[in-house]
Structures are given as C-alpha cells and as structure tokens.
Amino acid sequence: MEIFKNKPKKIGLALGSGAAKGISQIGILKVLDEIGIKPDIIAGTSMGALIGSLYAGGMNAREIQELTLGIDKKEIRKLFKVTLDGPGFINGQFIDEYLDEILPSKNIQDLKTPFGCCACNILDGREIIFSKGSLSDAVRASISIPGILTPHKLGDLTLVDGGLVNPVPVSICRQMGADFVIAVNVLNTPCLKNKVYDFPDRVREIRDKVDLNKADKLNEKIKLFITKEIETFELTAKRIGSLLNLNDEISILNIISQTYLIGESNLSKFRLSTDKPDILVEPNMRGVRHFDFDKAYEAILIGEKEMWKVSAQNKNMSNLK
C-alpha cells in the first residue's frame, strides 16, 4: 500500500450495499468525522447510496444516525408493507414518499460533495451509473432489492439494486477522479442465523417409553410420526401461503435476501480483487441480517469499532486529514 507524504488530491469514499447490514456505515462515517477525514468524492450502492447521498448533501454522521434511529417499528412496517401488487413484495410507494422527505436535494449535481451511485438494468444486466440528474430516482433505483422492492422504471430502463453489478463501488470513485479510495464492504459474512428444525417432544416420549431392544420398531414409529408431521405442515403451508414463516427464523423473504446476499458477497470479493481500494473496511455483520432494521444501533456500533481498528492500523490515515 502506497504511503502518501502529502494528502492525496482527491479522497474517495465507496459505501457498499447490504440493506440493514449497511447501516453500520453510519458508524464508519462517525469515526471519519471524529478524526477529521472529509472525502472529496462519495460513491454508494444500495444502502450505501442512501447513506452516501445524505452525507454528500451536508449531513454529518451523527445527524444521519439520529434520522435512522428515529424511525420506529411502526414506521418500518409502513415502509416495508407487503402489498403483492407488482413485481416485488413491496410496491415502494411509502419508500418513494420517505425519500422525497429526507433527501437533501432534487438533483445529484446540487449536493455539496460530488456523488455517484449505481443500479442494474434488470432487462439486460447493465450497470447504470448516476452522477447527475434526479437524486430520488438514483437512490430509489439503487436500493431496489430484486423480488423484494418493485423495480424503478426510468424511461426504457427497469432498474434494480446496484449490488447485482457493483456492490462496493470503488470503480465509480475512480471514474469520478479519486486518487485514494476508502471502501466499505459489509457483505464479507453472508450468514443467515437460524434454528435447526426441532422435532416435537412427542418423538422423545416415544423414544423414552420403548425398549431399546426394539430399535427397529422405534425407528419405524418415529419415521411414521415425522412423515405425518411433515404432511400436516405442508398442508398448512398450502392453506396459509408460502409467504409466511417456514419456522421461527426462516421466511421466504429471508431465503430471497440470503440468496441475493450470497451472490453479492461473492461478487464483492471478485470486484475488490480487481478494483482495489487503498483502505478496505469490513465490519463483521454476522449478527445482523438483511432486514434487521431494528438492530440499527447495534450495526452502527459495529461500524464504529471496526473503523477505529482500521484507523489505528493504517499509517495512511494520518495523511488524509
């Protein structure tokens, strides 16, 4: 890693995708504010696009934190209300209205710091980069998780989450003229915490009451019981619809988001091996899932902790002030 004797001409900050995991980037911004590092260029993808646009508009990290933590569970349920009336579980109406309320300007070029973000045209897989024009269109497109939030139509384009093509937008920072890039990747631990399906207590009761010498009969009874349980479960699932939880931890939304997260994680590793940042920050977000927006404060603390660690380990940080 090159050590600059003088401050680089332009410092770029690449904020990555990751839904609720991406909220940790607020903590990273808090540390950058505290140590006096101000990026000259900001690029974002998905959650990074939303947070980055607020930061580029002049809000400091603590103000963004207050805005984020000010959203209660009732508002979250409203924003992510499942409607099933379009090509996504969430039609995005309330999210559109929310973006109009909080975004700092109408146009990207009016932001205080040069800003860029990306989305993917789902029709042909192209990366679409926004560095001017409507800020709400750019951010709305970049955060549209496929299958979850309806795509954003813009002319002939049908746009979805930029994480499909560029989950950590180092390349956008470079294209916009950054000499030195700090990148944040929250996708390095694509872990979905869930409980293993636990068979009912009745299985244990059968096991305890039957003589161990009759193991074959026991196994047959357990097999028949489990088969019956599964058939009952499948019948119930068909009745209530597959959108409801498969067990206490896994729902169809979890499965879609986890599938997407695994793909994003692998892509981010590849892109970061070719679009190498000068400093890479990778907070461990194993305990925060895609839609754990109620863990925002926890995520922010994780980001802060990791950024302080990185700043202590990198000699370059002191040359960026």
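Hi everyone. Two strands count as paired if DSSP finds at least two bridges between them. Keep that in mind as we walk through this predicted model.

Let's begin with strand E4, residues 115-121. E4 pairs with strand E5, residues 126-130, in the antiparallel sense, over 5 bridges. Within that pairing, Cys117 sits opposite Phe130 in E5. The hairpin of E4 and E5 has 4 residues between the strands, and Gly125 there takes a positive phi near 80 degrees.

With strand E8, residues 157-161, the pairing is antiparallel over 3 bridges, and Ala119 has Asp161 as its bridge partner in E8. With E2 the sense is parallel, over 4 bridges, and here Ala43 stands opposite Gly116 in E4.

That brings us to strand E2, residues 41-45. E2 is also joined to strand E1, residues 11-15, by 4 bridges, and those two run parallel. Ala14 faces Ala43 in E2.

So, are these strands buried or exposed? In E2, 5 of the 5 residues are buried, with Ile41, Ala43 and Thr45 on one side and Ile42 and Gly44 on the other. In E4, 7 of the 7 are buried; Phe115, Cys117, Ala119 and Asn121 point one way, while Gly116, Cys118 and Cys120 point the other.

Last, a helix pair. The axes of H3, residues 61-69, and H11, residues 296-313, come within 10 Å and cross at roughly 155 degrees. Angles over 145 count as roughly antiparallel, so that is how H3 and H11 lie to each other. Gln65, Thr68 and Leu69 in H3 meet Ala296, Tyr297 and Ile300 in H11. By class, that contact has 4 nonpolar, 2 polar and no charged residues. Thanks, everyone!

Conventions:
Residues numbered from 1 in each chain as written. Predicted model: local features only at pLDDT ≥ 70, side-chain atom pairs only at ≥ 80, totals over all residues. Heavy atoms only, no water. Axes fitted to C-alpha atoms, helices over the stretch in contact; angles between N-to-C directions. Parallel < 35°, antiparallel > 145°, perpendicular 65-115°, else oblique. Contact = heavy atoms within 4.5 Å. Nonpolar A, V, L, I, M, F, W, Y, C, P; charged D, E, K, R; others polar. Buried < 20%, exposed > 50% of the residue type's maximum accessible area, 1.4 Å probe, protein only.
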